[in-house]
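This report goes through a protein structure piece by piece. Please keep the sequence and the 3D view at hand while reading.

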Amino acid sequence: MSTAGTTTDLTMRAVPGPIRADYLVVSRLIAPGSKVLDVGCGDGGLLKLLRDEKGVDGRGIELSREGVNRCVAEGLAVIQGDADTDLAFYPDDAFDVVILSQTIQATRAPRVVLEHMLRIGKQAVVSFPNFGHWRLRLQLVTRGRMPTSENLPYHWYDTPNIHFCTIRDFVDLVREVEAVIDHSTALDAWGREVRVNAPWWFWNFFGEQAVFKLRGKR
Amino acid sequence: MARPRRISDDLARQQADHPAGEIARFGVDEPLLLDAGISLAPFQIAYRTYGTLNAEKSNAILVCHALTGDQHVASNNPVTGKPGWWEIMIGPGKPIDTDRYFVISSNVLGGCMGTTGPASTDPATGQPYGLSLPLITIPDMVRAQAMLVKRLGIDTLFSVVGGSMGGMQVLQWAAQYRDRVFSAMPIATAARHSAQNIAFHEVGRQAIMADPEWRGGRYLAEGTRPLAGLAVARMAAHITYLSDAALHRKFGRRFQDRDAPTFSFDADFQVESYLRYQGEAFVERFDANSYLYVTRAMDYFDIAADHGSSLAKAFAGTRTRFCVVSFTSDWLFPTADSRQVVHALNAAGASVSFAEITSDKGHDAFLLDEPELFAITRGFLESAARARGIA
């Protein structure tokens, strides 16, 4: 899945440096030894982190051939596939956690994808860029153009990100699919967590990305 | 079309009963019950091994060959004198590293390189089996391999690897002997043979049977060979192993040793000359009846049919680690076939990797220099070896 997240990751592979902030947040939400499916796993950075730090039994789905082949060559159980079409083939409760990291905005049917995740996994972890961040709002208001940023470098005509949402939009979707939020975090532009007890509007304004841990009502 | 050299042809003929390399013989006390409902005994399996079996017997990899392949994967072929058909993949330091793994490769049942097949001598008559050999299936081939593996004292294979028909055997192993297969690598293959592929096989078989020298399958006893028919079968099949792009890149519309068409049915085009050569080279080393039997085995292959039409059921509860590989330009076993296997494995909750490799070389890509295939094979086996505790 070629997303903004994957692009960030490409540069980070070239220069071994800090691990992506949202990876660390996601990793904290995963219990050691869990069986995990990472949907849109890119070059497997998160799966490797989870394998090495948490001893998880990790699987991945990735759209780009290059990403998949790199993952498989590193011994990760990753398949070439598409979140929109391939999640349907997994049985209910096949995983402890299904992760969708910086990918939901690139899916054709985010709601269907989310519902599949809640069906396949006992829990779902979703991280996404927040389109309600003040800088993006400012760009639209002042320049009157579709916003771009370091994390969202694409133009409107070449972006793979076709379904942007804000944190509040996502929370609405969670209610729509009748899922329960077990945990949520917003990260600012520097990857720091936004004040924990702040109201949604505050997160929606200052969070550059968000990480949610959900479970379906059973 | 020039007839091939008889010397080499005789060499090939000898291999059917007296193959180069190792032979495992199974007597009347160890019959093989075939899907056709007949017990085959006695029979023999011709095989080769490379590398060393470790003390725990945990590092054995079975390599399964394709339709016209053989057990000589990583050493010179006794008939052609050419290097083994997968030396690019198997050997010291290669992706399937014989410094680390113990590689076993056997000729399939129905083959003509020393495992019992239609060219073998029927001990009951002293004559070649010909068509009196019962029809063979892929599960039959795998059952025979399982007997060989047991004979070698190996309980669980570290991996089973193969492309095309070899990949069918890999899938059959994983479905039939799930506790004896730690990891499996089916490459450029399918869980069932498609209607299109059955159709191509039928063209090949009809070409052989239309050759008057086929003699109703009794050509060996009557001292002749359906060389022209077998060559045509190979030529037609060979086209399906390539791709439009590969043929265009290799030959285009270029003429063979001439500047203009001869206005005859001579091989004016390079691609014609190439196909004729492929046909001629093939008949030197392969038995026509074997071609009938082995293509038929592929046609009958349909794992799901044996499991209530559900491929996922065939793999339900498997603990085998899978790595499925396909190639973008392979139209004989297209990526959709591999994806069907992957979806079934996902539904079965299996650990599976699946990579589609970009190549314009068609189905044959799995035999050729494809660095991504090597990297994936190496990485997959490496991680499986860690999980298996192989040093």
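In which loop of chain B is B:Thr115 found? B:Thr115 sits in the loop between β8 (102–106) and α2 (138–151) of chain B. Helices (H or I, at least four residues) and strands (E, at least two) are DSSP runs, numbered from the N terminus.

The model is predicted, so local features need pLDDT of at least 70 and side-chain atom pairs count only at pLDDT 80 or more, while totals for chains, interfaces and linings use all residues. Residues are numbered from 1 along each chain as its sequence is written, chains are lettered from A and ligands numbered from 1 in the order in which they are written, and side-chain values use heavy atoms, with hydrogens and water left out.

## A buried threonine

B:Thr115 is buried, at a relative accessible area of 1%. Buried stands for under 20% relative accessible area, exposed for over 50%, and partly exposed for values in between (1.4 Å probe, protein chains only). A polar atom of the B:Thr115 side chain lies 2.7 Å from the backbone oxygen of B:Asn107. Apart from neighbours within four places in sequence, the residues in contact with B:Thr115 (heavy atoms within 4.5 Å) include B:Gln44, B:Ile45, B:Ala46 and B:Ser120.

## Two domains in chain B

Chain B is divided into domain 1 (19–192 + 304–388) and domain 2 (198–295). These bounds come from an automatic or database domain assignment. The C-alpha centres of domain 1 and domain 2 of chain B are 26 Å apart. Where the domains of chain B touch, 30 residues of domain 1 are in contact with 30 residues of domain 2.

The size of an interface is often given as the accessible area lost when the parts come together. Here buried area is the accessible area (1.4 Å probe) that two parts lose on being put together, summed over both. Domain 1 and domain 2 of chain B bury about 2,300 Å² between them, with 64% of it on carbon and sulfur atoms. B:Leu67, B:Thr68 and B:Trp331 supply 27% of the area that domain 1 of chain B buries against domain 2 of chain B, more than any other three residues.

The count between domain 1 and domain 2 of chain B is one salt bridge. A salt bridge is a side-chain nitrogen of Lys or Arg within 4 Å of a carboxyl oxygen of Asp or Glu. B:Arg249 forms a salt bridge with B:Asp360, and the closest N and O atoms are 2.7 Å apart.

## Where chain A meets chain B

How many residues of chain A are in contact with chain B? There are 20 residues of chain A in contact with 24 residues of chain B. About 1,700 Å² is buried between chain A and chain B, and carbon and sulfur atoms give 48% of that area. On the chain A side, A:Arg65, A:Asn69 and A:Gln80 lose the most area to chain B, together 31% of what that side buries.

Two salt bridges are counted between chain A and chain B. The side chains of B:Glu356 and A:Arg65 meet in a salt bridge at 2.9 Å, N to O. The elements that give two or more residues to the side of chain A that touches chain B are α4 (65–73) and β3 (77–80) of chain A. Of the elements on this side, α4(A) gives the most, with five residues.

## Backbone angles

Most residues other than glycine have a negative phi, and most peptide bonds are trans.

| Residue | Phi | Relative accessibility |
|---|---|---|
| A:Gln102 | near 55 degrees | 6%, buried |
| B:Lys57 | near 55 degrees | 36%, partly exposed |

A:Gln102 is placed in the loop between β4 (95–101) and α6 (110–120) of chain A. B:Lys57 is in the loop between β4 and β5 (60–64) of chain B. The peptide bond from B:Ala41 to B:Pro42 is cis, with omega near -5 degrees. B:Pro42 lies in the loop between β3 (39–40) and β4 (43–50) of chain B.

## A helix residue

B:Ala387 belongs to helix α11 (residues 371–388) of chain B. With a relative accessible area of 43%, B:Ala387 is partly exposed. Not counting residues up to four places away in sequence, B:Ala387 touches B:Phe182 and B:Arg321.

Definitions and conventions: A polar contact is a pair of N or O atoms within 3.5 Å; within protein, one must be able to donate a hydrogen and the other to accept it, and residues adjacent in sequence count only if both atoms are side-chain atoms.
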